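Please open the structure in your viewer and keep the selection tool at hand.

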Amino acid sequence: MQVKMGIFLCDCGGSLKNIDFPRIGGNLENLEDVAFVDISHNLCLGEGKKAMTSRILTENINRVVIAACSPEFCEGDFAVLLEKLRLNPNLLSLANIREQCSWAHEGDVSAKALALVMMAVDRARLLEPVETKEVAVKNEVLVVGGGFCGMKVSLELSQLGIRTTLMERESTLGGQIRELEGFYGPQREAMIKAVEKAETIEIITSAEVTGVEGKIGDFTVRIKKGKKKILRTFGAIVFATGYKTEVAAGDFPIKPGVNIISQQRLAQLLQAPTPEAKPETIGFIFDLFDENSRFPTLATLNGALAVKQRWGSEVYVFCKNVKVDSEGVEKLYREAREQGVVFFKFDEKPTISADDDRVKIEAKDVLLGEDVTLTCNLVVAEEKFLPSEGTEGLSSLLKIKTDSRGFYQEENVNIYPVSSERKGIFFIGNCRGDLGLGRVLTDIFSVVSRIRELLSPGVVEEVDRVKVDSQKCVACLTCIRVCPHSAAQLVQIDSEKVAADISQLACDRCGICAAVCPAKAIKFEGYSDEQILAQIEAIGAL
Amino acid sequence: MKTNKSIVVIGGGIAGITSALELANGGSTVYLIEREAQIGGQAASFCCKATEVCSKCSVCLLPQRLSEVASHPQISILTNSTVTGVSGGLGNFQVEVEQKPQYISPQNCIACGMCVEVCPTTPKAIRPPSPEAVPYSYSIDESQCLRLKGERCNHCREVCPTDAIAFEHKLERQQLNAGAIIVATGFDVFNAREVGCLNYGRYPNVLTGLDLERIFRNQGSLKFSSNGKKPKKVAFIQCVGSRDENHGYCSQVCCKYAIRLARLIIYQNPDTEVTIFYIDLQTAGKGFAEFYKECQESIRFIRGVPIEILEAPSDRVEVRFENISEGRVERENFDLVTLSVGIAPREDSWELAKVLGMNLGDDGFFDTKEPFNSVETNVEGIFLAGACQGPKDIPDSIAHGISAAERAMEVLQRCK
């Protein structure tokens, strides 16, 4: 198609006085492919847009160049305008002659303004339409992990009428919910019953994920249940695979056993009927192995308070920093102190040794500035907060990175807390780090929102921006290796040739593949080598 | 009565913006009500704390969201506006909104700046927006403008190419109908003057964390405005306005911002000595452990919060703190002391609580219906997002904003 370009220059209400608009307009008018040059005072307002619309329609142009303020302010608006006129928004090329030109310099800047517009013109010539189309999504979700998080998400989704398959590795649902029960009240049995009763939730227990293929809206998941292999498709997948805690035998100089117990064991003891011999002195200790976790603080405060109430023991806590940066934890810390729990803070690790059938803790308390020696009947040891069994395997299967502690990494820890680098695959709760119940609940609602947004329209938009020239592709697999979104794959072109293909649905348009392709077979439309070079050459030509 | 599916979001900070976007992308019509002339809230005045690498302070998450909100067809932004009354209930709220006169219409202003050039007052009565402001339009300061003070000046109006200036604008009241309300009114930064012995406001080299954020944001580096000198010895004092007799909570943000700022100061000026005085360091959070470990080499951490700050010779201040291991009070001089001020409930929270019929919790933040359900309130159909419910950092506020939007949509969907 013959390129026919319209150029709109905007003088921002006449305020860009250091640009000679008629002069640069004259220079541009005679360029090849340019149908007209219009000078406007306010392209961004109703009046300006109206004039622009009628010009585009009457002249029947197929490329639009706009020189105005920062694209930050105007690009979205103009793209919408083009779309209304049935012109592909990718056929728009912008030059910022306000912030990056007129405002940035003193004195006449007409030459620079002209250069900027010329760059946009030469780029516009090479632009091609970027088509979007809608692809149907499967209105069904797979939730992996039948603990508190997984069950809660399934229940929330069933409220929205979204069909859910809840998969659990163990033979029963529930996960580590027992630990929550004593302190926070979610009732394990009631929750399991509700999940079982919900018509839209299908439960598969004793099963594991062995493969995930496909892309957002249409994932094919291989599930292994005993010897049986199941193949199912889902629109989205939520991983809620939880965490594990552990007191490693080698962590303490003396073997954990009767008098050094885990926090989990304490919770069990507290749920059992009161023992005959209540431990007189109990020591809690944390920050020995992992100083940067909130979990030990919370477990210790809850445990210490429960012990005080149930057994009336003397309770001492040894730690470095109490992690109070979650809702309500400072209050819990205060309550513990009011109830008579004594806190010692150390900088150097205390020594722990056996003393007959008791345990001796020796520490230097930095607040008292004195050495403290305490002989306890029972020591409740810090548990390491670790990713659950199989996290590593699953992460390599899914090609999702883990963080330095082995937990699933979010796409961007900050922007979309529950999303991952692969669109349509989500991670929630403690499988992505040590969150605590408040933040876990926030995660649950966040993922439900994401899934609703994704599945309720019934379709997702596919933007055809990154293209592989299969003739140039030498199937070196570089793109497949570097793509963080698992969007690149090999496809059979004909009986002889295989080439890379970019799935536009999975693609996040980061451009890495196009940049690294050694054969230059991948084109990122709008920022292709030719388009960028044309802009650079445009300055050179002046 | 038919359920109204539009939703009012009160507060245009990071949490409110996130909620609004989430709702609008989910198909709802959203009214975003902001008291100030621009949306963005507190985070808009914070600085990027990157050194040679990103320190993940999340401040940069705001601008992109701001422009997304500004151009979203389903979000109407009402700036300079406050909620003065609410009636009705879930599915059918009537929200009374009062909008201060906007002498410059954000719809028409193209930010060309010609009005400022002709404004005859000093300082100018017309002010430009900050670089990332949304809406990006100029505003008139009533106390400076000659015309608004009754004189006959009309210069700006004569030059304005888009007729954006309208002096006849009056206070406007309107009623919005909505099915649900999300409250995202944010927080107040703790007023450090309340702690008299730290002498904030009295000595120029005692600043708050917020002051430092603004200095870095506006100047790019840390130096005294009076003599252009860079401080050589800097202290941070943690938990100012957190974890004390009046504040039974941890503000959750101060340890992290202090460590990030300290690292930034050292990065820009490697021979600066930085000391952080603390009670308990809060170093949990994704990736923060490694960051903290790196900082331990360059920053001196001292356990215990200083007792008072006094004047010292040659423009310095003396910090008195307890040396615990020696059991005595130490005195040390610093060029600059930064008070790591915490997050406090907004002073006017109770007014809004009264208007909306919500409860306030012990600490003065809005109360939730039940513990651990941090978005639903005692009023059905009114939800909380962000730090108005309790201290939150930017990522937590974003997550909370999404969460509140989800609850609101879910509840509205269920109501017939």
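Two residues are said to be in contact if their C-beta atoms, placed from the backbone, lie within 7 Å. This is a predicted model, in which local features need pLDDT of at least 70 and side-chain atom pairs count only at pLDDT 80 or more, while totals for chains, interfaces and linings use all residues. Residues are numbered from 1 along each chain as its sequence is written, and chains are lettered from A and ligands numbered from 1 in the order in which they are written.

**Stop 1: chain A as a whole**

Select chain A, where, among contacts between residues at least 6 apart in sequence, 69% join residues at least 24 apart. Colour chain A by secondary structure to find 16 helices and 28 strands, which are DSSP runs numbered from the N terminus (helices: H or I, at least four residues; strands: E, at least two). Why is chain A described as more spread out than a compact globule? Its radius of gyration, taken over C-alpha atoms, is 32 Å, well over the 24 Å that the globule rule gives for 542 residues; that rule is 2.2 Å times the number of residues to the power 0.38.

**Stop 2: two domains of chain A**

Next, select domain 2 (140-242 + 388-459) and domain 4 (464-524) of chain A, with bounds that come from an automatic or database domain assignment. The C-alpha centres of these two domains lie 30 Å apart, and their contact takes 7 residues from domain 2 and 6 residues from domain 4.

**Stop 3: where chain B meets chain A**

Now show both chains, and look for the 51 residues of chain B that are in contact with 48 residues of chain A. On the chain B side, the elements that give two or more residues are α1 (14-25), α2 (61-71), α7 (288-298) and α9 (394-414), and α9(B) gives the most, with 11 residues.

**Stop 4: a residue in chain B**

Finally, select Ile309(B), which lies in strand β15 (residues 308-312) of chain B. Is Ile309(B) buried or exposed? Ile309(B) counts as buried because it has 25 C-beta neighbours inside 10 Å, where buried requires 20 or more other C-beta atoms within 10 Å of the residue's own, exposed 12 or fewer, and partly exposed a number in between, with C-beta atoms placed from the backbone. Not counting residues up to four places away in sequence, Ile309(B) touches several residues, among them Leu198(B), Val206(B) and Val337(B).
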